[in-house]
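Hello,

Here is the structure I promised to pass on. My notes on it follow below.

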Amino acid sequence: MRQNLVAGNWKMNLTYPEGLALVEEITRLAGDAGATGPEIVVCPPFPLLHGVGQALPQGGRFHLGAQNCHQKESGAFTGEVSAKVLASVGCEYVILGHSERRQYFGEDDELLSQKLKAALVAGLKPIFCVGESLDTREADETFAFISKQLTDGLFHLSNEEFEQVTIAYEPIWAIGTGRTASSAQAQEVHAFIREQIARAYDAQAALNTTILYGGSANAQNARELFSQPDVDGGLIGGASLKAVDFATIIQSF
Ligand code: PGA
C-alpha cells in the first residue's frame with residue numbers, strides 16, 4: 001500500500017547554518033515519528049544538500065530531496081545540476097514541475113518529461129507537481145487542466161517508472177497565499193487524479209500512488225487535510241521553515 005509522506009520545500013530560503021539549525025530542531029521534535037509515521041523529505045537549495053543530508057538521521061524516515069534537476073546527465077550547461085550529481089550527494093527525491101518552475105522558468109510538459117526520465121535514470125524518485133490557476137478554477141476547467149498536465153507530463157512513463165513517482169496537487173492560487181484549498185476541494189481533485197492513474201495504468205497503480213496536497217498547508221489545517229481518504233500527505237513550503245510547525249504537520253496523521 002501507499003506511503004504517507006510529508007515533504008518540506010524550502011525554496012530559495014535559509015543559509016547553510018540556518019538549514020542545519022532547522023533540521024536539528026525538526027529531528028529533535030519529530031525524530032521519533034516511529035513505525036507509523038510518514039516518510040519525511042527535506043528539500044533545501046542545492047548548496048545545502050550534502051550538509052543537510054549528513055545532518056539528517058540516517059536509515060530511517062528522513063530523506064533528502066532536491067527542488068529541480070537538469071534533463072541531461074552531464075555536459076556544458078553552466079549553472080545547472082544533473083540528477084546524477086544530486087544522487088551522488090545523497091538525494092533520493094526531486095521535486096519536478098513545481099508551478100514556480102513552470103511559471104518563472106518556462107518549464108513545459110515536454111521539458112518536464114525529459115527531466116522525469118533523467119531523474120529516474122539516476123535513481124531519484126520524482127515528486128511531480130500539478131495544479132490549476134485561479135482563472136482555470138473559476139472557469140470550471142480544473143479537471144481538464146489537471147488531466148492534461150498528467151497526460152502530457154507524466155503518463156508517458158512505463159508502469160515500472162511510474163511506481164517511483166509521488167504526485168503533488170498544488171493549486172497555484174493556494175501557494176504562499178494563506179488561502180488553502182478546503183479539505184473537500186483537495187479530496188475532490190485527489191480522487192480525480194487517482195481515477196486518471198487507474199485509466200492510464202491500472203487500479204493497483206492508482207491505489208499505490210502517494211498523492212500530496214500543497215498550498216498553504218500548515219500546522220493548523222494539516223490534520224483535516226490528511227484525514228481525507230485520497231490525501232496522503234503534504235508538500236509544505238512556508239510552514240516547513242518553522243521547526244515546530246513542520247514537526248506538528250509530520251505528526252498530523
Ligand atoms: P506553501 O508552498 O506551503 O508556502 O504554500 C507550497 C509549495 O509551493 O510547495
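Glu39 sits in strand β2 (residues 39-43); strands are DSSP runs of E with at least two residues, helices are H or I runs of at least four, and both are numbered from the N terminus. This is a predicted model: local features need pLDDT of at least 70, side-chain atom pairs need pLDDT 80 or more, and totals for chains, interfaces and linings use all residues. Residues are numbered from 1 along each chain as its sequence is written, and side-chain values use heavy atoms, without hydrogens or water.

Glu39 is buried, at 14% relative accessible area (buried is under 20%, exposed over 50%, partly exposed in between, with a 1.4 Å probe and protein chains only). Its side chain makes a polar contact of 3.2 Å with that of Arg61 (N or O atoms within 3.5 Å, one able to donate a hydrogen and the other to accept it; residues adjacent in sequence count only if both atoms are side-chain atoms).

Now helix α5. Its 13 residues (109-121) should span 18 Å at 1.5 Å a residue, and the end C-alpha atoms are 18 Å apart, which agrees (the expected span is 1.5 Å times one less than the number of residues). Buried residues in α5 include Leu111, Leu112 and Leu116. Among the elements covering the buried residues of α5 are β4 (93-96), β5 (125-130) and α7 (142-153); contact means heavy atoms within 4.5 Å. Just after α5, Gly123 has a positive phi of about 85 degrees.

Best wishes
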